[in-house]
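This report concerns a predicted model. Please consult the sequence and the structure shown below while reading.

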Amino acid sequence: MFGDLGSAILYIFQPWPLFFLVLGTWLGIFVGAIPGLTGGMLISLCIPLTFYMDSTMALVLMVAMYVGSVSGGLISAMLLRMPGTPSSLMTTFDGHPMAARGEAHRALSLGIGASVAGGMIAGLFLVLLSPPLSKWALQFGPWEYFTMVLMAIVLIATLSQGSLFKGLLAGFLGMMFAMPGFNDSDGQLRLTFGFTELSAGFQLLPMLLGIFVMSQVIKDALEIDRQPVPVKLTGKRKPIGWAGWRRHVPNILRSSVIGTWIGILPGVGASVSAMVAYGVAKNVSDTPEKFGTGCEEGIVASEASNNANVGGALIPLITMGIPGSPIDAILLSALIMHNIQPGPMLFLTNGDFVWALIAAYLVANVLMFFTMRYSVGLLAKVVTVDRAVLLPLIFVCCVVGAFALSNRIFDVWVVVAFGIVGFVMERAKVPLGPFVIGFVLAPLFETELRAGLQTSGSFMGLFTRPIATAFFVAAIAMLFWPAVQAWRHRGRPVTGGVDTTMD
Amino acid sequence: MSSPARDRTDLALVLVIWAFSAAILWSAWHLPPPRYDPLGPARVPMAIAITLILIGAGILISNRLRREPAVPAPSDDTRAAPLQPRIAFAAIAITVAYVGVMTLDILGFRAATLLFVIGLGGVLSRFARRSMIPIAILAIAISFGFSWLFAEVLFVDLPYRGFLR
């Protein structure tokens, strides 16, 4: 295991992989730092360019972007009180008050340090858990995969803040949009409504570009006047030192483990782990009343957990082919487009590739730390870049990306249509994460259900498989858990939720 | 968004979902029965459509039973700036026009992109001179730059027919 990892790290330090790693990390931080631009947007936009690249380098680039974008969000969260990415929302509550009272350098240093610590702790779990989990997943048959997809959709719907029904709606709507085109088993054309272009169904990339990019462009146009005034980075930067970090060690470890495990849960993104870790840190703190007023513990909890989530979310992706978060769904799509089938066989068939991916994740975290540590002044200027200049450029990138896929303008219309669908969903507070997960997992859902029915003869075959039964029971329990909780807490005041629609 | 406004939005959303699900059910109903496997082409889409209809009903029922939050969701002070629905609609219209002129072969990629970037950038910046100069430079750079990159390096022909190609 460690020999493979060592070889992969040596590979990463070769000129081209290192170049893409540095580029991806920097672009990720840059995009993450600008409010309104997200990692999902960046990775979706870069997929068409990676068609011309070696698969390993393409994924190295995208993993670096993922790490960078989750980390970059803390800059605008602290300096603008506007999270650059949804996952850094909790960082705003304490990061901005701390920056506003003249401790911006310290707040940023805490956030960056906690991010790298969270990322590396999750990296340890990624290295240690992926091979055995992959071996365990080799026992999975159709019913196990079918119930796991079901569980992933229910789980992400349940954990999406706001209405459970809207989370479920998004998941099943995503699945529905994956249905048009040829049916695999009999070649029957279905749900095309006369559009011959839909014979192969909606392609993944235009859908991703529409949902993640175009919808955000429309949203940014709607909120074009919401340009916040940044807090200036004044005063001398003083290193925190071991004495300063020592009291945060338990918080970092706890939040990183929370982030990793929530990341492992299929479909749940970094913002949920940041919320949970922040809540736990507040509950166990000696001074919970200071949370929300510029408390260091809040920053550390949020940033350690959201970065740890990235590593945790890669575990189900690599070992089972189930995305751990909406951005992992994009990575899954990229893998499929590069003819790499993620799942338990990946370690056996493409072991070098998997270890390169893990090594890229680890090195990207270190790179992210140094990039943010030494360019925070520059990034602080970048966060207020004029969106009137940026948005047209982003949409043109969408157009060429979608068009280049199959040389047809129909795919560009798909981008526009899904962009409007995504925008409407966001306005109606329907989360976009479950939609993408549903779309990506629907073919697996149908194929495995069909295979299960063919082997067992009936749906009851599911209950002859213990793991599948456990997944199924877990999915049902998660579906009804919010109702049980609501019943138990009836009469108590309801607290406001946090929007995680774009996570 | 206030509660009655949210309820109206949700009602509109659910009606659209029901109409969409009905269209899916109607289309799936006309598909042939399963031949080579127990599922066939129609069962999964029909099951999802029915689930969507039930979820829509769930949204409406949960809205009826909903209690208002005692503690509002955290917000930031940047939210104070007003929304600009006209600019958002203009952005959508310009985008549709951009893709439309390329679809109808009225303009090629370079000319359409040049106009699109200037048009959208101009609307977003309210044609402020300070922003228009970088937007114009960007428009020229990306319309010609992407055209060259895709044609000469990646060997992908972007839409090139039409006037001013």
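## Architecture of chain B

In this predicted model, chain B holds 5 helices and 0 strands, and the order along the sequence is α-α-α-α-α. The chain is divided into domain 1, covering residues 3-78, and domain 2, covering residues 84-153. The C-alpha centres of these two domains of chain B are 36 Å apart.

Of the 165 residues of chain B, 29% are classed as buried. When contacts in chain B between residues at least 6 apart in sequence are considered, 62% of them join residues at least 24 apart.

## Contact between chains A and B

The contact draws 61 residues from chain A and 69 residues from chain B. On the side of chain A that touches chain B, the elements giving two or more residues are α5 (89-137), α7 (164-177), α8 (204-222), α16 (387-406), α17 (410-427) and α18 (432-456) of chain A. The most is given by α16(A), with 11 residues. By class, this side of chain A comprises 40 nonpolar, 10 polar and 11 charged residues.

## Helices α8 and α16 of chain A

Within chain A, the axes of α8(A) and α16(A) come within 10 Å and cross at roughly 165°. Because angles over 145 degrees count as roughly antiparallel, α8(A) is roughly antiparallel to α16(A). Their crossing is left-handed.

From α8(A), the residues that meet α16(A) are Leu205(A), Pro206(A), Leu209(A), Val213(A), Met214(A), Val217(A), Asp220(A) and Ala221(A). Their counterparts in α16(A) are Arg387(A), Leu391(A), Ile394(A), Phe395(A), Cys398(A), Gly401(A), Ala402(A) and Leu405(A). The contact of α8(A) with α16(A) has 13 nonpolar, 1 polar and 2 charged residues.

## Helices α4 and α5 of chain B

In chain B, helix α4 (residues 109-125) and helix α5 (residues 129-153) have axes that come within 9 Å and cross at roughly 155°. The helices α4(B) and α5(B) are therefore roughly antiparallel to each other. The crossing of α4(B) and α5(B) is right-handed.

Residues of α4(B) in this contact include Phe109(B), Leu114(B), Val117(B), Gly121(B) and Gly122(B). Among those of α5(B) are Met132(B), Ile135(B), Ala139(B), Ile142(B) and Phe144(B). By class, the contact of α4(B) with α5(B) has 12 nonpolar, 7 polar and 1 charged residues.

Key. Residues are numbered from 1 along each chain as its sequence is written. Chains are lettered from A and ligands numbered from 1 in the order in which they are written. This is a predicted model: local features need pLDDT of at least 70, side-chain atom pairs count only at pLDDT 80 or more; totals for chains, interfaces and linings use all residues. Domain bounds come from an automatic or database domain assignment. Two residues are in contact if their C-beta atoms, placed from the backbone, lie within 7 Å. Helices (H or I, at least four residues) and strands (E, at least two) are DSSP runs, numbered from the N terminus. Ala, Val, Leu, Ile, Met, Phe, Trp, Tyr, Cys and Pro count as nonpolar, Asp, Glu, Lys and Arg as charged, and the others, Gly among them, as polar. A residue is buried if 20 or more other C-beta atoms lie within 10 Å of its own, exposed if 12 or fewer, and partly exposed in between; C-beta atoms are placed from the backbone. Axes are lines fitted to C-alpha atoms, for helices over the stretch in contact, and angles run from 0 to 180 degrees between N-to-C directions. Angles under 35 degrees count as roughly parallel, over 145 as roughly antiparallel, 65 to 115 as roughly perpendicular and the rest as oblique. A crossing is left-handed if the near helix is turned anticlockwise from the far one by less than a right angle, and right-handed if clockwise.
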